[in-house]
Amino acid sequence: MDKKVLIVDDSALIRRELGKLLSGAGFELDYARNGQEAVEKTQEVKFDVITMDINMPVMDGLSAVKIIMKKAPTPIIMISSLTQGDADVTFEALNYGAVDFVGKPGTITLKVKESGEEIVSKVKEASSISKNRLVIRKAGNVTKSNLGNKVAKKSTSRIVKAKKVVLIGSSTGGPGLIEQIATSVPSDYPHPICVVQHMPEAFTSKFAQRLDKISNLNVIEAKQNEPVTPGKIIIGHGGHHFHFKRKASGLVSVKLSPNTMKAFFVPSVDEMFFSAAKNFNPKDILACELTGIGDDGSNGMLELKNKGAYTIAESKETATIYGMPRVAFEKGGTIEVLPFPKILDKIVKF
């Protein structure tokens with residue numbers, strides 16, 4: 001039986017374009033012109049996935065997500081214009097249970113072909129997420145009430161060389177887990193944490209700002225020559241690969257690199273892992289591969305493990321999408337496969 005997808009958008013053009021993409025991929029489709037229609041339809045029909053626009057009349061996408069996740073939990077993918085304004089709303093939607101987001105097909109920021117491939121891929125993966133997994137995903141998120149109260153942090157003006165480093169790669173389902181990490185590490189955490197979360201450029205700065213409000217550590221978006229030192233969480237910059245460079249003094253800093261190898265994801269987890277293996281003592285690295293579509297990070301994790309790093313992949317038990325961590329395990333790149341709460345414990349105690 002074909003999986004059922006509800007396309008929610010007030011634009012007839014976008015509904016048509018999404019319909020073409022998803023019908024061609026074998027999905028059975030229904031449509032809603034606003035959040036209210038979407039809420040009503042989900043009370044009558046069980047959908048496998050919902051694509052949800054943000055700005056709509058009658059009821060906006062965020063309001064609809066809140067209601068649907070309470071009354072009829074369904075994997076929801078937000079369709080964003082990839083602007084900074086939409087970024088804030090999209091993160092709120094993820095906190096209320098939406099599993100991922102993509103750019104609107106045909107927007108200036110994304111080529112139609114690339115956008116279409118990403119949408120189809122994410123809808124296919126989301127259609128396999130069970131209702132129980134949605135409950136786990138939603139329960140772990142930081143609520144809106146936790147945001148906005150700036151946490152007092154220690155100054156990081158004094159440059160201290162990092163003895164060890166934590167590397168984290170994630171994609172679909174990852175933002176909520178990164179939030180948990182950011183809020184769990186203490187203010188005296190002795191290692192820098194470097195994160196590649198698959199996100200477009202307009203979103204990574206907003207994500208870092210959001211996390212900085214709730215974390216005991218300083219959370220920043222990666223920038224050229226930023227020292228990789230204790231007391232901070234560095235979020236990979238959308239549109240650039242997250243590389244490292246080591247100075248003669250031994251201090252490691254960020255090197256933002258163009259996508260010369262034409263990786264599908266930019267930043268790429270593999271790119272960060274391979275660069276870390278060259279610029280840190282691998283025995284001082286804890287590398288974690290969390291939930292996500294595809295295989296990004298699996299080759300780099302194998303390289304790290306072979307050189308002596310401690311590597312962990314999230315287990316199927318908690319991963320929203322058991323893709324990236326599964327491939328890392330299958331390729332032999334993992335020392336341990338653990339549910340996320342145990343990975344979090346390993347990070348805090350590292």
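Colleague: In which loop does Val58 lie?

Modeller: First, a caution: this is a predicted model. Strand 3 covers 49-53 and helix 3 covers 61-71. Val58 sits in the loop between strand 3 and helix 3.

Colleague: Is Val58 buried or exposed?

Modeller: The cut-off for exposed is over 50% relative accessible area. Val58 has 71%, so it counts as exposed.

Colleague: Where is Asn225, and what is its phi?

Modeller: Asn225 lies in the loop between strand 8 (218-221) and strand 9 (232-235). It is not a glycine either. Its phi is positive, about 70°.

Colleague: How many helices and strands are in the chain, and what share of its residues is buried?

Modeller: The chain has 12 helices and 14 strands. It has 350 residues. The buried share is 56%.

Colleague: What percentage of the chain's contacts join residues at least 24 apart?

Modeller: Take the contacts between residues at least 6 apart in sequence. Of these, the share joining residues at least 24 apart is 73%.

Colleague: What span should helix 1 have, and how far apart are its end C-alpha atoms?

Modeller: Helix 1 runs over residues 12-24, which makes 13 residues. At 1.5 Å a residue, it should span 18 Å. The distance between its end C-alpha atoms agrees: 18 Å.

Colleague: Which residues of helix 1 are buried, and within what arc do they fall?

Modeller: The buried ones are Ile14, Arg15, Leu18, Gly19 and Leu22. Seen down the axis of helix 1, they line one face, because they fall within an arc of 135°.

Colleague: Which exposed residues are on the face of helix 1 turned away from its buried side?

Modeller: That face looks away from the buried side. Its exposed residues are Lys20 and Gly24.

Colleague: Which residue just after helix 1 has a positive phi?

Modeller: The phi there is about 95°. The residue is Gly26.

Colleague: Is Val39 buried or exposed, and which residues does it touch?

Modeller: Val39 belongs to helix 2 (residues 35-44). Its relative accessible area is 7%, so it is buried. Residues up to four places away in sequence aside, it touches Met59, Ala64, Ile67 and Ile68.

Colleague: How far apart are the C-alpha atoms of Val39 and Ala64?

Modeller: Along the chain, Val39 and Ala64 are 25 residues apart. Their C-alpha atoms are separated by 6.2 Å.

Colleague: Is the peptide bond from Val266 to Pro267 cis or trans?

Modeller: Most peptide bonds are trans. Pro267 lies in the loop between strand 11 (252-257) and helix 9. The bond from Val266 to Pro267 has omega near 10°, and it is cis.

Colleague: Which residues does Ser268 contact?

Modeller: Ser268 lies in the loop between strand 11 and helix 9. It counts as buried, at 4% relative accessibility. Neighbours within four places in sequence aside, its contacts are Val196, His241, Ala263 and Asp296.

Colleague: How is helix 9 oriented to helix 10?

Modeller: Helix 9 (residues 269-279) and helix 10 (residues 298-307) have axes that come within 7 Å and cross at roughly 20°. Angles under 35 degrees count as roughly parallel. So helix 9 is to helix 10 roughly parallel.

Colleague: How are helix 4 and helix 8 oriented to each other?

Modeller: Helix 4 (residues 84-95) and helix 8 pack with axes 9 Å apart, at an angle of about 60°. Their crossing is right-handed. With that angle, helix 4 and helix 8 are oblique.

Technical notes:
Residues are numbered from 1 along each chain as its sequence is written. This is a predicted model: local features need pLDDT of at least 70, side-chain atom pairs count only at pLDDT 80 or more; totals for chains, interfaces and linings use all residues. Side-chain values use heavy atoms; hydrogens and water are left out. Helices (H or I, at least four residues) and strands (E, at least two) are DSSP runs, numbered from the N terminus. The expected span of a helix is 1.5 Å times one less than its number of residues. Buried means under 20% relative accessible area, exposed over 50%, partly exposed in between (1.4 Å probe, protein chains only). The arc is that of the directions from the helix axis to the C-beta atoms. Axes are lines fitted to C-alpha atoms, for helices over the stretch in contact, and angles run from 0 to 180 degrees between N-to-C directions. Angles under 35 degrees count as roughly parallel, over 145 as roughly antiparallel, 65 to 115 as roughly perpendicular and the rest as oblique. Contact means heavy atoms within 4.5 Å. A crossing is left-handed if the near helix is turned anticlockwise from the far one by less than a right angle, and right-handed if clockwise.
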